[in-house]
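Dear colleague,

I am handing over the structure we spoke about, and below it you will find my notes on what turned up when I went through it. Please read them with the coordinates open beside you.

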Amino acid sequence: MKNFLRGVIVCFILIVGFIIFSLSHQIGGWRAFIVSSGSMEPTISTGALVISHYTHPSSLQKNDIITFIAPTKEKPIVTHRISNLSRKNQLTTFKTKGDNNNNEDTWVVAGGGVIGKVTFSIPYLGYFFSFSQTKLGILLLVLLPAVYIIIDEISNIVKTIKHHHKKSKEHKEIITAGIAILFSLWLFTPQSTQALLSDKVSLTNNSITIAIVSPTITQTPSPTITPSQPPTPTQTLSPTPTVTPTLTPTTQPSCGGGNITINVNNNGGGSTNIVNVTSNCSTKINQNNTTIIYNTLHN
Amino acid sequence: MIITGVGAGAFAASQALLSDQAVLAANTFSTGTSDLLIATNPVSDYASSKAGFTNNAMLPGQTSAYAFRLKNNSDAVDFSIQGQATINGTNTLPADKIFVTITPLDSSSNPMGTPVTHPLNEWTSVQSLGDLVVDNGDIQRYKMEVMVDPSITESSVSVNFDFVFTGTQVLPSVTPSLSPSVTAQP
């Protein structure tokens, strides 16, 4: 009976050791990750250990929870739920969302970025593995047990040499196997997967319409333009013929002969004021605000 | 045998330290809630959605600017910000002729960081607003400038769009607790 129990315990320890080894070396497509944030709560809690198994993207369905490499600059490993998927030309892409987020993630995940489908999760186990990576964790789980084994073995060797002492091997084997498991926990370095929280806000109904040109202008011309005329010619006749001079007055004002002032009343802050200037002359517009003026030059 | 086993394990671990690449550091865990809010006018009125701007008399070549603020109202969560536009209905004003620039501002409303400019049609894909991180509890000011390409000659053409800002959690960097520090094994 004792031997049977011992055999069961040894087998159990070997199985656990193999599982730990497999997860750390992705044997059979299985991998474990530590969840480091809370966007998948309450389904997967922060600090949980998730076990993912590689699944071909064509086999993944909506609402599956997947671990994937997010297509951002940092390329974090993220665990979220598939909220939507698209299959085109044998390529599958996914939209994902954390259960604890109100909105989908901003990225689109390509099938090639999927590491695996989450099979199950173990709450809080991630904290233990994380602790095993700290200095205190290594001291308690690896170094102290290793020192115990070494001291105990040296002691047994000395006793054996001196007194031909036979110690029960069963107890020692189980302790040793247990310490070996603890040691392999240290070797097992699950990666962290992020369950990224997110939120969104929106500016709605932003509207732009190009203006219809219909200016409102108050015009105050100043000064009055008087066309120039040549002086009336005088002529001294001598002795007989009579000459009638021909006047050629200038009736059109020349460009630059006067200024036209246009006053535009501002409709208040943030308003847009439209001025339509049609002139064959050069037009100079002085402004004292920061509004950009669209001006088509005609000369 | 036991010493050999332990020794072999230790040797394997040493190899892991020297040649392999593994994270020998405590993971950083982050708990908290996420909440991003926006305000336009008045700047004290924050909500998850605000009515955008309207300009019914825009001129080609004209640039109009609008201010808004994002508030990270989360609990212990820092955000990086992304923006995305969704065009509503059918636009008669071509989206590739409208240029939208988003610039973060400091508390004095002076530009800080790098402005992000894209034509509106490119804004329909998610665009990062840069490396700026809005820490939890902080308010970040922004300016949105909209410019209509001078080549537009038609009158009364228009476009209507929503602009969505997403805050995505930024996790703190992991500080290695052992030396030498190593990178994560893919």
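A:Asn205 is partly exposed in this predicted model, with a relative accessible area of 46%. The residue sits in strand β9 of chain A, and its phi is near 55°, a positive value in a residue that is not glycine. Chain B has a residue of this kind in B:Ser109, whose phi is positive at about 65° although it is not a glycine; B:Ser109 lies in the loop between β6 (98–105) and β7 (116–119) of chain B and is partly exposed, with a relative accessible area of 41%.

Two cis peptide bonds may also be worth a look when you check the backbone. In chain A, the bond joining A:Glu41 and A:Pro42 is cis, with omega about 0°, and A:Pro42 is found in the loop between β1 and β2 (49–53) of that chain. In chain B, the bond from B:Asn41 to B:Pro42 is cis with omega near 5°, and B:Pro42 is found in the loop between β1 (36–39) and β2 (49–51) of chain B.

On the interface, chain A and chain B bury about 5500 Å² between them, 61% of it on carbon and sulfur atoms. The contact takes 51 residues from chain A and 77 residues from chain B. Between the two chains the count of salt bridges is zero, whereas 23 residue pairs are found in polar contact across the interface, both residues being at pLDDT 80 or more. The largest share of the side of chain A that touches chain B, 13 residues, comes from β9(A).

Leaving aside neighbours within four places in sequence, B:Met144 is in contact with residues including A:Leu203, B:Phe53, B:Tyr66, B:Val100, B:Phe163 and B:Phe165.

Finally, in helix α2 (residues 125–132) of chain A, the residues A:Gly126, A:Phe129, A:Ser130 and A:Ser132 are buried. These residues cover an arc of only 155° around the axis, which puts them on the same side of α2(A).

With best regards

Notes. Residues are numbered from 1 along each chain as its sequence is written. Chains are lettered from A and ligands numbered from 1 in the order in which they are written. This is a predicted model: local features need pLDDT of at least 70, side-chain atom pairs count only at pLDDT 80 or more; totals for chains, interfaces and linings use all residues. Side-chain values use heavy atoms; hydrogens and water are left out. Contact means heavy atoms within 4.5 Å. Buried means under 20% relative accessible area, exposed over 50%, partly exposed in between (1.4 Å probe, protein chains only). Helices (H or I, at least four residues) and strands (E, at least two) are DSSP runs, numbered from the N terminus. The arc is that of the directions from the helix axis to the C-beta atoms. Buried area is the accessible area (1.4 Å probe) that two parts lose on being put together, summed over both. A salt bridge is a side-chain nitrogen of Lys or Arg within 4 Å of a carboxyl oxygen of Asp or Glu. A polar contact is a pair of N or O atoms within 3.5 Å; within protein, one must be able to donate a hydrogen and the other to accept it, and residues adjacent in sequence count only if both atoms are side-chain atoms.
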